[in-house]
Amino acid sequence: MAPERFFLELDPPSEAMREWPHVVIVGGGFAGLKVCHALARKPVRVTLIDKRNFNLFQPLLYQVASGLVSEADVASPLRQMVGQAPNIQILLGEVVDIDPAAKEVVFNDHRYGYDHLILASGSGSTYFGHEEWRPLAPPMKILEHADEIRRRLLMALEEAEQTRDPERRRFLQSVVVVGAGPAGCELAGSLIELMHRAIRRDFKQLDHHLCRVVLVDAVERVLPTMHPKLSAAAAGHLERAGVTLVMRSMVKGIAPGRVALDGPEGHRELQAATICWTAGVRASRLGALLAERTGAPVDRGGRLLVEPDFSIPGHPEIRAVGDLCAYLHTADGRPLPGMAGPAVQMGAWVAASILNQNGSLAPFRFTDLGSMAVIGPFYAVADLRGLHVSGLAGWVLWALAHLAFIPDTENRITLFTKWMWQIATRQRTALLITGRPDQHLGVDVGLYRAQLHPPEPAAAPAGEVEPADNDLPLAA
Ligand SMILES: Cc1cc2nc3c(=O)[nH]c(=O)nc-3n(C[C@H](O)[C@H](O)[C@H](O)COP(=O)(O)OP(=O)(O)OC[C@H]3O[C@@H](n4cnc5c(N)ncnc54)[C@H](O)[C@@H]3O)c2cc1C
C-alpha cells in the first residue's frame, strides 16, 4: 500500500504549515472535538478522522428513541463545527489499523502519517459474550440504535391499535429496558411518559393501563453510582410513573419477545414486544488493536491503561482519551468514569500538552462536576459533589447543564424550544416510523444496501467478550 501524503503537504494553504507538527485525531466525539477546538488556529496541522460526519450528543439519545426530539437535534456536522479552521482537515473514514513503527494510521485503504496520534474513538455496547442478543434487544449508542428502538416501539403500538386479542395487545404494549444506569432510567422514564400520557389521545384503541415498562438490572438499586438517597428518589419517581423495577435479576437469555431472568424469586420470564439494552459498555476496538500492535495494557473493558499524560507506554506520541482510556492516576486510584465531562477535560489537557511541548504544564487534574439523570418531565436527580438535588430543581440543573454542554447553538435553541413545547402540550413531534427495511427494497440506498442482508454474526463462545464497536449496525 503506497503511503499517502497529507493534503497540506501537497497543497499547504500557507508555507509555514509545512513545518508544523501533524496531529491526527481519531474520533470526533466529546474528547476529539475538544482537542480540535483547542488546536484550531494554532501552529499545528490537524487531521480529524471519523467514520461518521457528525458529532453525536449521546446523553440525549433516549429523547430520539422516545420521539421527543429528532436526529439532527442531537447531532452536528463535524465540518460545520471545526472544519472552518484553516489548520484542520476533516476526513471521513474508519481507522482500521495503526502502524506505530511507521507512525501511520490506515483507513479507506490509505496510510496517513502522524507526528502525534490522539485516539478518541469512544466505546460501544457489549452483550457480555451474547452477541446473539443484539438484534433482539437494540443497544443505545448511536443514532441508528435510537431510531430502531423508536421504530420497534411505534410499530408495536400501531399493531396493538389494530388487535382485538387482549393478551396480544398487552404484549405489544410492553417494553423491557435492561440496565438501570442513567441511560436505562432515562429511557424507561421517557417511554412510560410517552405511553401513559403523550399518545393517550392519539391511539383510540390502546388501553394505557396495559402499557408496561419494566426496568431490569442485576444490581441492588437504580443509578448505582449515585448516592443511595438519589437512587431511592429516582426509583420512587419511576414507580409512581408506572415503571416496574426488577432489581437483583440477571438476564440469562433473550429470545424474540422474551427475556429470561434469574433473581431473588428464582427463574422468571418477561414478555415484551420491545426490548432495549443499556447494560454493557466496552471500549472501541482500537484499544485492543493498539494493545496488539504495541503491547500496551488494557483493562477488562478493553480500555487502554494510559500514563499520566495519556500516552501509552513506550509511545509518547500516541495518546488515548475519553471512553477509550482507563485513567488511574487519580487520588483514589480509581479510573475516571466513562462520561462526557472527563472526556472533554482529557481532550483539553492533551491539546494543551501538545502545544506546550517545551513549556511546563500542570499535571492533569479532573474536576468532578457530578452526575445527573432525568427521570421524567420536570424531575431529575443530580449528584453534585456531595450536594444531592432531586425533583424540579434537579430538572432545571439538568436542563441548564445539557444546554450548556450541547456543542451547537442551533441545536441548543431547538432543544430548548422542543422541551418547552413538549411540557406545555405533552405532545411529541418526532414520533416517526422510519428505517423500515421493507421500504428500502428496490431503492438504491448506497452503503446501507449491503447491510440489508448482513452475514450471520458468529456466536461468541460463552464467557468470551466480542469486540465492541460503537457503530455496529443491527442485524435485525
Ligand atoms: C445513551 C447514553 C447516555 C449517556 N449519558 C451521559 C450523561 O448523561 N452524562 C455524561 O457525562 N455522559 C453520558 N454518556 C457517556 C458519554 O456520552 C461518553 O462518555 C462520551 O461520549 C465519551 O466521549 P468520547 O469522545 O470518548 O467518545 P464518543 O463521544 O463516543 O466519540 C467517539 C467517536 O469516534 C468515532 N470512531 C469510533 N471508532 C472509530 C474508528 N475506528 N475510526 C474513525 N472514527 C471512529 C465515532 O464515530 C465517534 O464519533 C452517555 C452515553 C450514552 C451512550
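View 1. Of the contacts in the chain between residues at least 6 apart in sequence, 65% join residues at least 24 apart. The model is predicted. The chain holds 13 helices and 25 strands. Its 476 residues include 44% that are buried.

View 2. Five of the five residues in β1 are buried, so the strand is largely enclosed by the rest of the structure.

**View 3. The two faces of β1.** Side chains in a regular strand alternate between the two faces of the sheet. In β1, H22, V24 and V26 point one way. V23 and I25 point the other way. Residues on both sides of β1 are buried: H22, V24 and V26, and likewise V23 and I25.

**View 4. Pairing of β1 with β2, and the link between them.** Strand β2 spans residues 45-50 and pairs with β1 in the parallel sense. Five bridges join β1 and β2. From β1 the chain passes through helix α2, residues 30-39, and on to β2. This β-α-β crossover is right-handed.

**View 5. Pairing of β1 with β9.** Strand β9 covers residues 116-119. β1 and β9 also pair in the parallel sense, here over four bridges. V26 is itself buried, as are H22 and V24, which point the same way from β1.

Notes:
Residues are numbered from 1 along each chain as its sequence is written. This is a predicted model: local features need pLDDT of at least 70, side-chain atom pairs count only at pLDDT 80 or more; totals for chains, interfaces and linings use all residues. A residue is buried if 20 or more other C-beta atoms lie within 10 Å of its own, exposed if 12 or fewer, and partly exposed in between; C-beta atoms are placed from the backbone. Two strands pair if DSSP finds at least two bridges between them. A crossover is right-handed if, with the strands pointing away from the viewer, the path from the first strand over the helix to the second runs clockwise. Two residues are in contact if their C-beta atoms, placed from the backbone, lie within 7 Å.
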